[in-house]
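Here is a short tour of a ligand and the residues around it. Have a look at the model first, and then read on.

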Amino acid sequence: MKHLLLTLVATVAVSIPALASQELADANKCKKCHHVDIVKDGPSFKQIAKKYVGQDGIANKLVNKVMKGSSGVWGKENEMPENKKITKEDAKTIVEWILTLK
Ligand code: HEC
């Protein structure tokens, strides 16, 4: 019983941050253009994770992109507009979550 309880606590502790990040992604309209698995206007979050995971300083670079916008990396027609409303902390939380999705 004790073991079961510990497993349960560990599972909840791991899934809460992921959920919070998804909600942040929803609240900041990222999902309008991005899906975890499917390519929409923007690349899927899994594609992004695959491309960048393990690169030095990548979280900070992507946080800047999320805040300032991006173009020319994933194809010429589509660009990501600047996001004036998102805070740096929220952008960082979402980016760190994206990088776990590989
Ligand atoms: C209006 C559509 C749109 C919205 C809203 C949007 N994105 Fe994007 N995003 C794009 C497009 C298009 C690209 C590809 C840009 C490029 O080719 O440089 C992109 C690229 C990215 C990249 C990769 C940048 C790179 O240098 O490879 C990340 C990370 C990202 N988006 C995260 C987010 C997050 C987090 C949010 C929400 C805060 C968000 N996006 C909201 C369209 C959008």
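A pocket, on a 1 Å grid over the protein atoms alone, is an open set of points where a 1.4 Å probe fits, with protein on both sides within 12 Å along at least five of seven lines. The ligand sits in the largest pocket, where sitting in it requires more than half of the ligand's atoms within 2 Å of the grid points.

This is a predicted model, with local features needing pLDDT of at least 70 and side-chain atom pairs pLDDT 80 or more, while totals for chains, interfaces and linings use all residues. Residues are numbered from 1 along each chain, and side-chain values use heavy atoms, without hydrogens and water.

Let's start at the metal. H34 (NE2) and M80 (SD) coordinate the ligand's iron atom at 1.9 to 2.1 Å; donors are N, O and S atoms within 2.8 Å of such a metal. H34 is buried because its relative accessibility is 10%, under the 20% cut-off. M80, at 28%, counts as partly exposed, the class between 20% and 50%.

Around the ligand there are 26 residues, with C30, C33, H34, Y52 and M80 the closest; a residue belongs here if one of its heavy atoms lies within 4 Å. Helix 4, a DSSP run of H or I with at least four residues, gives the largest share of this shell, three residues.

| Residue (backbone atom) | Distance to a ligand oxygen |
|---|---|
| S71 | 3.1 Å |
| G72 | 3.4 Å |
| W74 | 2.6 Å |

Terms used. Donors are N, O and S atoms within 2.8 Å of the metal (3.2 Å for Na, K and Ca); water is not among the atoms, so sites may look incomplete. Buried means under 20% relative accessible area, exposed over 50%, partly exposed in between (1.4 Å probe, protein chains only). A polar contact is a pair of N or O atoms within 3.5 Å; within protein, one must be able to donate a hydrogen and the other to accept it, and residues adjacent in sequence count only if both atoms are side-chain atoms. On a 1 Å grid over the protein atoms alone, a cavity is a set of points where a 1.4 Å probe fits but cannot get out, and a pocket is an open set with protein on both sides within 12 Å along at least five of seven lines; lining residues have an atom within 4 Å of a point. Helices (H or I, at least four residues) and strands (E, at least two) are DSSP runs, numbered from the N terminus.
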